[in-house]
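Subject: Structure handover

Hello,

Here is the structure I promised to pass on. My notes follow below it.

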Amino acid sequence: MAANLITDVDGVRVGSADDARLASGVTMILFDEPAVASIAINGGAPALRDTALLEPEMTVERVDGFVLSGGSAFGLDAAGGAMAYLAEIGRGYEHRGARVPIVPGASLFDLLNGGDKDWGRKPPYWDMGLKAASSAAVLFALGSAGAGYGATTYNLKGGLGSASAVTSSGFRVGALVVVNSVGRATRGESLHFWAAPYERGAEFGGLGFGPKEIDDHLTLRLKSDTPSSTDLAVVVTDAALTTTQVKRVAIMAQDGYALALRPAHAPMDNDVVFAAATARASVPADLRDLTEIGMLAAECVARAVARGVYEASPLAIPDGKPTWRQRRAMNSTIK
């Protein structure tokens, strides 16, 4: 039975590690076998590791997984810990008898969220990367977990979200998003998500899009006048696709941010989408299938954004952002 997670795509597991004092964490997306992968970068200030190899003209087409982390550029160390675990279990690209795990990564900016970032000479992300990789499983926590532990939006606590869908031809599509937006996932200060038109069931509250007009919902609201935030996503399908086709899926999936957040792709954002294809589907994908996979990947990203905010739990830090559920409980009249 589908769990409405990225792991509904067969051959995908997710592990997370986080630290309450630090108010930050790491999430690892691990493939059971190397997957064809690519990337689309629309944010203006990316913090990335080993992502050049994801372009279609590069030689190494497959990856063992992706690592998402807090800590801004310091968090890129998390991929090293994940690589150490993968090397221990014999994973990696083989070249003349040597194996190198292929684990591209991206980090979000959560350095000012109230957690204790005084880690001294050695940032803790390498160790959390190792822990996240070694704990990867089919079921995993959403909300304030892993790379989403210290994530925030303009007005609410952010977090880790995920969603899945199936195309009309039976291909599975899934997304995982870390929501650390510079702006809002809700329409103004209401409880209605921008992603509401794409909601399935009541996966993020079932309140719908709300009234046509909501106070302040079109006004630019930012965490600060020098905004620096990040939304990170991974989308996966079980279709057998080329690197060029996976690149197209990543590009299309970027639209999910625009469906769910206001604004998206800002100058100091690291809005990144990693995409991968596991090739476990039993039938080949044609051009129409590729188009539907990309469309649903964008919708899964939008739904995962809303779920990340909806599932978030509060952190015990000074002046922490309220959660969506706290807002609803404090004022049930908020529409």
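Where is the place of Ala279? Ala279 sits in the loop between strand 11 and helix 5. Helices (H or I, at least four residues) and strands (E, at least two) are DSSP runs, numbered from the N terminus.

Two points before you read on. This is a predicted model, in which local features need pLDDT of at least 70 and side-chain atom pairs count only at pLDDT 80 or more, while totals for chains, interfaces and linings use all residues. Residues are numbered from 1 along each chain as its sequence is written, and side-chain values use heavy atoms, with hydrogens and water left out.

Ala279 has a positive phi, near 60°, and is not a glycine. Ala279 counts as partly exposed because its relative accessibility is 40%. The cut-offs for relative accessible area are under 20% for buried, over 50% for exposed and in between for partly exposed (1.4 Å probe, protein chains only).

Asp319 is another non-glycine residue with a positive phi, about 55°. Asp319 is in the loop between helix 5 and helix 6 (324-330). At 80% relative accessibility, Asp319 counts as exposed.

Arg262 and Pro263 are joined by a cis peptide bond, with omega about -5°. Pro263 lies in the loop between helix 4 and strand 11.

**Helix 3 on helix 5**

Helix 3 (residues 243-253) packs on helix 5 (residues 287-310) at about 40°, and their axes are 8 Å apart. Axes are lines fitted to C-alpha atoms, for helices over the stretch in contact; angles run from 0 to 180 degrees between N-to-C directions. That angle makes helix 3 oblique to helix 5. The classes are roughly parallel under 35 degrees, roughly antiparallel over 145, roughly perpendicular from 65 to 115, and oblique for the rest.

Gln245, Val249, Met252 and Ala253 are the helix 3 side of the contact (heavy atoms within 4.5 Å). Their partners in helix 5 include Leu290, Ile293, Ala297 and Val301. By class, the contact has nine nonpolar, three polar and no charged residues. Here Ala, Val, Leu, Ile, Met, Phe, Trp, Tyr, Cys and Pro count as nonpolar, Asp, Glu, Lys and Arg as charged, and the others, Gly among them, as polar.

**Helix 1 on helix 2**

Helix 1 (residues 78-88) and helix 2 (residues 125-134) pack at about 45°, with axes 6 Å apart. That makes helix 1 oblique to helix 2.

**Cores**

The largest nonpolar core has 42 residues. Such a core is a set of buried Ala, Val, Leu, Ile, Met, Phe, Trp, Tyr and Cys residues joined through side-chain atoms within 4.5 Å. Val249, Val301 and Val305 are among the members that touch the most others. Helix 5 gives the most to this core, with 12 residues. Beyond four places in sequence, Val305 is in contact with Val177, Val179, Ala185, Tyr257, Ala260 and Leu261. A second, separate core of 31 residues includes Val9, Val12, Ala147 and Ala151.

**A glycine to look at**

Gly308 lies in helix 5. Gly308 counts as buried because its relative accessibility is 0%. Not counting residues up to four places away, Gly308 touches Gly143, Gly158, Gly159, Leu160, Gly161 and Val179. Gly308 and Gly148 are 160 residues apart in sequence, yet 7.9 Å apart in space, C-alpha to C-alpha.

Best wishes
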